[in-house]
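Thanks for making the time this morning. I would like to walk you through one structure, and I ask you to keep the sequence and the coordinates open while I talk.

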Amino acid sequence: RFHHTSTSHWCSCSKTISDEKYQDPFQLGRKDLKNLYEDIKKELLVSAAELKEMCDYYFDGKGKAFRPMIVVLMARACNIHHNNSKEVQASQRSVAIIAEMIHTASLVHDDVIDDANSRRGKRTLNQIWGERKAVLAGDFILSAASVALARIGNTTIISVLTQVIEDLVRGEFLQLGSKENENERFAHYLEKTFKKTASLIANSCKAVSILGCPDPKVHEIAYQYGKNVGIAFQLIDDVLDFTSCADHLGKPTAADLKLGLATGPVLFACRQFPEMNAMIMRRFSKPGDVERAWKYVLQSDGVQQTTYLAQRYCHAATREIRKLRPSPEREALVHLTEMVLMRDK
């Protein structure tokens, strides 16, 4: 159960962490993420000054490094579970670096597809350097990630992480399509959410678990945790598109509606306001569609239902990670699920 405050924060009435010592994921992961962005820039060594400037633009050290942080915490949790090793292997840290590079390359390409003009509170690459050069910069970051992946020298890890790149492309294609049938539409939305957002987290977590522990059950735990947290993260992102102001979010609100996308809040609202069906099918292209859809969503319980769904995914992630042996990293990953639900940007 939730209550909604004026600042659009959601809080769960039952506390997930009770007796266990509170663990701040960002504090715990900091040691392993030291010099993360400098190491990424080393992977992007390039002689062309303009391409270097473009590649360095998002790797400015100001990001939260959310994905690499999950990856190093998962690596530690799996290592401790397997043989009580408290160190992150160099190959596991490489997976964290590669995950951030793949993620950033996908953002660069997404911004071109969406013709976006702001990202993380600053102008997008395509706005500054133009679409063609932005596409090439995204390709270059992806190629550098592939080289770093090959250097790990493990064919299973290569297979697991290249799946992410395939999923990103398939997810983008899913986003370009619409489904007439209401139930199909929701399944389509969740599949797109998995491929575009959760696959990277799920498969990166699986990769570090494979490197740290031979037990396939642990690999599945790591994968399921990442998958559930990733889907919840995107659901909350879709909620924030309706509840957060543009300054806070670092990108314009109602962005998804303007792109013609029907996210969770819209799909839930459609159940109360069936007249939204026609708008969804024409991708909010008629004058006034975006404003009307926005109003319907806020009049409905679409935001609450999407947040409740995100909470269910977070509970599933918590159930999975608790199957590992207790450790500070395991508790930090549990706490991370609450942070995902509580975030406001």
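**Thr104 and its surroundings**

Once its neighbours within four places in sequence are set aside, Thr104 has contacts with Tyr58, Phe59 and Arg120, where contact means heavy atoms within 4.5 Å. Thr104 belongs to helix H5, which covers residues 90-114; helices (H or I, at least four residues) and strands (E, at least two) are DSSP runs, numbered from the N terminus. Thr104 is buried, at a relative accessible area of 1%, with buried defined as under 20% relative accessible area, exposed as over 50% and partly exposed as in between, using a 1.4 Å probe and protein chains only.

Residues are numbered from 1 along each chain as its sequence is written, and side-chain values use heavy atoms, with hydrogens and water left out.

How confident is the predictor? The pLDDT, its confidence in each residue from 0 to 100, averages 89 over the protein chain, and 91% of the residues score at least 70. Where pLDDT is low, the predicted coordinates should not be read in detail.

Next, the cysteines. The structure holds zero disulfides, a disulfide being a pair of cysteine sulfur atoms within 2.5 Å. For Cys78, the nearest cysteine sulfur is that of Cys213, 6.5 Å away. Cys78 is buried, with a relative accessible area of 0%, and Cys213 is buried as well, with 3%.

A cavity here is a set of points, on a 1 Å grid over the protein atoms alone, where a 1.4 Å probe fits but cannot get out, and lining residues have an atom within 4 Å of a point. Of the 17 residues lining the largest cavity, those closest to its centre are Gln175, Gly177, His188, Leu261 and Ala262. Helix H9 gives the largest share of that lining, four residues.

How values were computed. This is a predicted model: local features need pLDDT of at least 70, side-chain atom pairs count only at pLDDT 80 or more; totals for chains, interfaces and linings use all residues. pLDDT is the predictor's confidence in each residue, from 0 to 100. On a 1 Å grid over the protein atoms alone, a cavity is a set of points where a 1.4 Å probe fits but cannot get out, and a pocket is an open set with protein on both sides within 12 Å along at least five of seven lines; lining residues have an atom within 4 Å of a point.
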